[in-house]
Amino acid sequence: MSNFKLALFLIIKLKDMKKITLLYIAGLLLGSMTACTDDFEEINTNPNSVEKPDPNFVFSKAQLDGLNNNYFATNILECGGMLQHYATYKEASGAGDKYLSNEVYYSAYFNQAYPTALNETEVVINEVKNNPNESNKLNIARIWKAYLYHRLTDLYGDIPYSEAAKANSTQIFLPKYDSQEFIYKDLLKELDEAAAALDPAKPSFGKSDFIYDGDVAKWKKFSYSLMLRLGLRLTKVDAALAQTWVTKAIAGGVILNTADNAIMKYTDGPNDFNRNPVGFDSRKQDFTAGSYGTKNVEGGKLAKTFIDLLQSTADPRISVYAGVWQGTTQNTALAVQKGFPNGTKIAPTPTEQATYSEPNQSTVFKYDAPLVLISNAETNLYLAEAAARGWYAASDKDLYEKGVQASFLNMGIYGVAYTIPDATPYLTANPYNAAGSFEAKMNQIHTQIYIALFVDEQEVYANWRRTGYPVLIPVNFPGNVTNGTIPRRFKYPTSEYSVNSTNLAEAVKRQGQDLFTTKIWWDK
């Protein structure tokens, strides 16, 4: 069965999943009543509900939902604007570009994560956890759960975790907020245990897994690569603990080859959920067909900071990432690219709007473009940092160059056939300063993360908050809510204040005021 047919079947089969909580409450009420007929249970059985979910189908849905979570609002309007990959000339949509507060945008990721991907992953775990023959499915689901939760906690800080998505199994409807310290330590434990328990001799998800087709050896590398990412996230708050987990991840074996990259596969239809959300959600919400750079709904463009960086280093990747509309086609030549300055408001639409760069719709914004979750570009660059810290006995210069080369090679997923020699002129013109200070090395390494991970704005945002690199000049737009500083987190949804107010109040008391400027645990 093809990916899109499988996903379509899954959507239909799980159409009542969101009714679980309401059905449970109704069941409590009905259970307290005296039965008035011998066939009461048969009469009141919903023929459309799923009594025993198929873990394969549910896992497919969890992958789709986990990555299709408000991409445009979260990654472009918020994270991408804050980190100056994106900019807009409009005020209302300048939430991240101008550090403004718009509850619709900052709450979207939180509100959608729990009822969809997190709940679905928990369903998979509950279905397979007592079957030893399905231990691979259990442990892959644990790894996927860790990936989903790290994305969520990196945005908000303390979140519901240990009691979340438990309404169906333990009847916890108002989960407590766990500290980010607890969450991170548990995520790392889960990754460690799950990776060690994967067994190539046992069955897996097969084609129901859109990332690795159930390949347990690759999932093991994904788990250790995620461990490397999370371990380094702790460098500011607990360097010793960070070193412990980074060392364990390296020993376990991280992604080093293109063939092991974690890449989600998409098709251009026949349904919207089959399309890559990077392109589909963004083109639907802003970069619409037929506007050709002149009438973008939210006024979005690539930011001057990002374009200037690529142009100043003669980076060939700019032609993969960017294009300027000239009529109905995009010119991707380096020389014509022009970034829009962050924190700028122009009304009405500026007449020269079409002359600014936008994401390339034939590559990164293509509907059927693959989506990279973790690649050897990222892992090699993180290993370069580990080597620079003295945590890994290898050449940080060699690892840095391998990371850049891998980034060039990975442009191949967009149909651009770069080779390792294609990266040589770039590395020669922009050499790694092996004799420089640690901070100078960090600047170079994480500037490459900023470039190589383009479109994964959530990870770029998290890594920038940890490292401070590349150095960005904040804007100070009138009416901004951060006193002209780049936000450090997302605020909680206002709905949490009425639905789960007691537990939320405890989180705020522990973490600090619910503000964009409050630093989360690993950022302190």
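This is a predicted model: local features need pLDDT of at least 70, side-chain atom pairs count only at pLDDT 80 or more; totals for chains, interfaces and linings use all residues.
Me: Which ring does the charged end of arginine 317 sit over?
Reply: That of tyrosine 426. The charged end is 5.3 Å from the ring centre.

Me: And arginine 283, which ring is that one over?
Reply: Tyrosine 367. Here the distance to the ring centre is 4.1 Å.

Me: Back to arginine 317. What does its side chain meet in a salt bridge?
Reply: Aspartate 315. The N to O distance is 2.8 Å.

Me: Is arginine 317 buried or exposed?
Reply: Buried, because its relative accessibility is 0%. Aspartate 315 is buried too, also with a relative accessible area of 0%.

Me: What does tyrosine 426 form an aromatic pair with?
Reply: First, the total: the structure has 31 aromatic pairs. In one of them, tyrosine 426 partners phenylalanine 408. The centres are 5.8 Å apart and the planes make an angle of 45 degrees, which is a tilted pair. Phenylalanine 408 sits in helix H17 (residues 396-410) and tyrosine 426 in helix H18 (residues 420-429). They are 18 residues apart, and the pair links distant parts of the chain.

Me: Are phenylalanine 408 and tyrosine 426 buried or exposed?
Reply: Both are buried.

Me: Which residues do ring pairs link into a cluster?
Reply: Phe110, Tyr114, Tyr149, Tyr156, Tyr161, Tyr177, Phe182, Tyr461, Phe490 and Tyr492.

Me: Let's zoom out. How many helices and strands?
Reply: There are 22 helices and nine strands.

Me: What is the radius of gyration?
Reply: It is 23 Å. A compact globule of 524 residues would come out near 24 Å, so the two agree. The C-alpha trace spans about 80 × 55 × 50 Å along its principal axes.

Me: What percentage of the residues count as buried?
Reply: 56% of the 524 residues.

Me: Salt bridges next. How many in the whole structure?
Reply: A search finds 37.

Me: Which residue forms a salt bridge with arginine 229?
Reply: Glutamate 459, with the closest N and O atoms 3.4 Å apart. Arginine 229 is in helix H11 (residues 216-232) and glutamate 459 is in helix H20 (residues 457-467), so the bridge ties together parts 230 residues apart in sequence.

Me: Is arginine 229 buried or exposed?
Reply: Buried, at 0% relative accessible area. Glutamate 459 is buried as well, at 1%.

Me: What about lysine 189, where is it relative to aspartate 186?
Reply: Both are in helix H10 (residues 180-197). They are three residues apart, so about one helical turn separates them.

Me: Which residues are linked with them in a network?
Reply: The salt-bridge network holds Arg142, Asp186, Lys189, Glu190 and Glu193. Lysine 189 is partly exposed, with a relative accessible area of 30%. Aspartate 186 is at 18% and counts as buried, because the cut-off for buried is under 20%.

Me: Now the surface. Which residues form a nonpolar patch?
Reply: Phe173, Leu174 and Val499. Together they have about 260 Å² of accessible area. Phenylalanine 173 lies in the loop between helix H9 (167-170) and strand E3 (177-178), and is partly exposed at 33%.

Me: Why flag them?
Reply: Because most peptide bonds are trans, and most residues other than glycine have a negative phi.

Me: What is phi of alanine 165?
Reply: Near 55 degrees, a positive value. Alanine 165 is in the loop between strand E2 (159-160) and H9. Aspartate 213 also has a positive phi near 55 degrees. Aspartate 213 sits in the loop between H10 and H11 and is partly exposed, at 34%.

Notes: Residues are numbered from 1 along each chain as its sequence is written. Side-chain values use heavy atoms; hydrogens and water are left out. Rings of Phe, Tyr and Trp (its six-membered ring) pair if their centres lie within 6.5 Å; planes under 30 degrees apart count as stacked, over 60 as edge-to-face and the rest as tilted. Helices (H or I, at least four residues) and strands (E, at least two) are DSSP runs, numbered from the N terminus. Buried means under 20% relative accessible area, exposed over 50%, partly exposed in between (1.4 Å probe, protein chains only). A charge sits over a ring if NZ of Lys or CZ of Arg is within 6 Å of the ring centre and within 35 degrees of the ring normal. Patches are made of residues with over 30% relative accessible area and no salt bridge: like charges are joined within 9 Å, nonpolar side chains (Val, Leu, Ile, Met, Phe, Trp, Tyr) within 5 Å. Accessible areas come from the Shrake-Rupley method with a 1.4 Å probe; for residues, only the protein chains shown count as cover. A salt bridge is a side-chain nitrogen of Lys or Arg within 4 Å of a carboxyl oxygen of Asp or Glu. The radius of gyration is taken over C-alpha atoms; the globule rule is 2.2 Å times the number of residues to the power 0.38.
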